[in-house]
Amino acid sequence: MATTPSLSLLLFLLSLLTPTSVHPKPLQDSPYLSPATVLFPDYDRMLATFKIYVYPPPTPFTFATPSESLFHASLLNSRFITDNPDEAHLFYVPFPPDLPSRSLSGLVRSLRTNFTFWYRSLGADHFFLSCAGIGHAPDRNVLELKKNSVQISCFPTTSGDFFPHKDVILPPVPPSPLALPHAPVGKETATFLGFMKRDEEQESQSSLVEEVEGDPEFLVESEPSDLTKSKFCLFVYGGDGSWLGEALRLGCVPVMITDRPIQDMPLIDVVRWSEIAVFVGSRGGVAELKRVLGGIGGEQYERMRGLGVTVGRHFVWNKVPQPFDAFHMVMYQLWLRRHTIRYVRREWM
């Protein structure tokens with residue numbers, strides 16, 4: 001017997017079938033790692049059953065970045081929160097972003113003393129928010145938190161502060177909404193091959209930025225104005241990635257410039273980044289960059305762009321979370337990490 005599509009799935013698909021959409025058949029040509037028959041039902045199971053227990057914070061505090069603040073507030077006001085730790089799938093450990101290692105060690109020690117849940121997996125079913133990361137320390141408590149617990153961090157991460165398949169990246173929050181609310185239907189009017197955001201720190205580190213700035217096929221601005229003027233949006237890895245979601249949403253195909261593999265892209269557990277973005281090294285200079293981008297055209301380009309517009313909807317942060325938005329997709333990645341070893345009470349008390 002065929003199953004009835006969920007309400008959240010129907011709402012999401014209807015949003016993709018609006019006249020402004022360039023990707024009307026997302027389930028036939030999907031940007032997701034899992035088939036739609038797996039992803040959407042699993043997402044609905046998460047909404048119905050996922051439970052998080054929040055430990056009391058050591059002191060009142062605020063987060064330093066918009067994405068951390070939005071996620072924290074959204075989680076605390078969500079139906080995922082439970083007051084009964086025995087029914088929780090995961091445990092949230094909130095602490096200030098500038099908490100010293102000694103105090104962080106004391107916090108984990110207090111969890112061992114006052115709660116029994118840490119011992120079930122030595123923190124593997126716990127998670128915390130930290131865009132600054134946790135430094136390496138010989139202290140057992142800090143080490144277990146860093147190595148075992150899920151760190152929710154920002155994009156891009158600091159080298160050594162992200163463990164693939166364990167940690168999660170928050171979709172970035174753009175400084176302000178950009179020019180257009182939706183991607184235009186066609187890109188024939190694009191004036192430039194690519195757009196790059198001018199960044200003084202990047203310019204001092206990469207000669208490629210200077211080459212791009214001197215090439216008339218590229219648009220370089222201090223702040224993005226109208227991303228629909230360019231076919232591609234260039235990101236130097238390690239620089240400002242806050243407008244990545246806006247680039248996707250507006251139909252500007254992201255180009256990640258890096259000389260090493262990237263394992264900390266947002267939504268990396270859900271999205272096939274190789275289908276919606278271009279990854280290219282900097283050593284070949286602007287000539288190699290133009291060769292790679294010039295080789296992507298016609299049907300291939302429109303496909304990447306259309307899939308990217310679909311994914312861009314998952315980068316939207318709402319004050320009141322909506323289905324499939326940034327908050328819910330982060331929660332879904334936590335849901336995928338809930339399968340830690342859990343022991344019955346008599347075995348670990």
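**Figure 1. Glutamate 144 and arginine 112 form a salt bridge.** In this predicted model, their closest N and O atoms are 2.2 Å apart. Glutamate 144 belongs to helix α5 (residues 140–148), while arginine 112 belongs to helix α4 (residues 101–114), so the pair ties together parts that are 32 residues apart in sequence. Both glutamate 144 and arginine 112 are buried. Side chains of opposite charge can pair when their charged atoms come close.

**Figure 2. A salt bridge joins the side chains of glutamate 246 and arginine 249.** The N to O distance is 2.8 Å. Glutamate 246 and arginine 249 sit three residues apart in helix α8 (residues 244–249), so about one helical turn separates them. Both glutamate 246 and arginine 249 are buried.

**Figure 3. Glutamate 302 meets arginine 305 in a salt bridge.** Here the N to O distance is 3.3 Å. Both glutamate 302 and arginine 305 lie in helix α11 (residues 298–312). They are three residues apart, about one turn of the helix. Arginine 305 has 1% relative accessibility, so arginine 305 counts as buried.

**Figure 4. Asp29, Glu275 and Arg303 belong to one network.** Salt bridges that share partners join these residues. How many salt bridges does the count come to? The count comes to 16 salt bridges.

Note on methods:
Residues are numbered from 1 along each chain as its sequence is written. This is a predicted model: local features need pLDDT of at least 70, side-chain atom pairs count only at pLDDT 80 or more; totals for chains, interfaces and linings use all residues. Side-chain values use heavy atoms; hydrogens and water are left out. A salt bridge is a side-chain nitrogen of Lys or Arg within 4 Å of a carboxyl oxygen of Asp or Glu. Helices (H or I, at least four residues) and strands (E, at least two) are DSSP runs, numbered from the N terminus. Buried means under 20% relative accessible area, exposed over 50%, partly exposed in between (1.4 Å probe, protein chains only).
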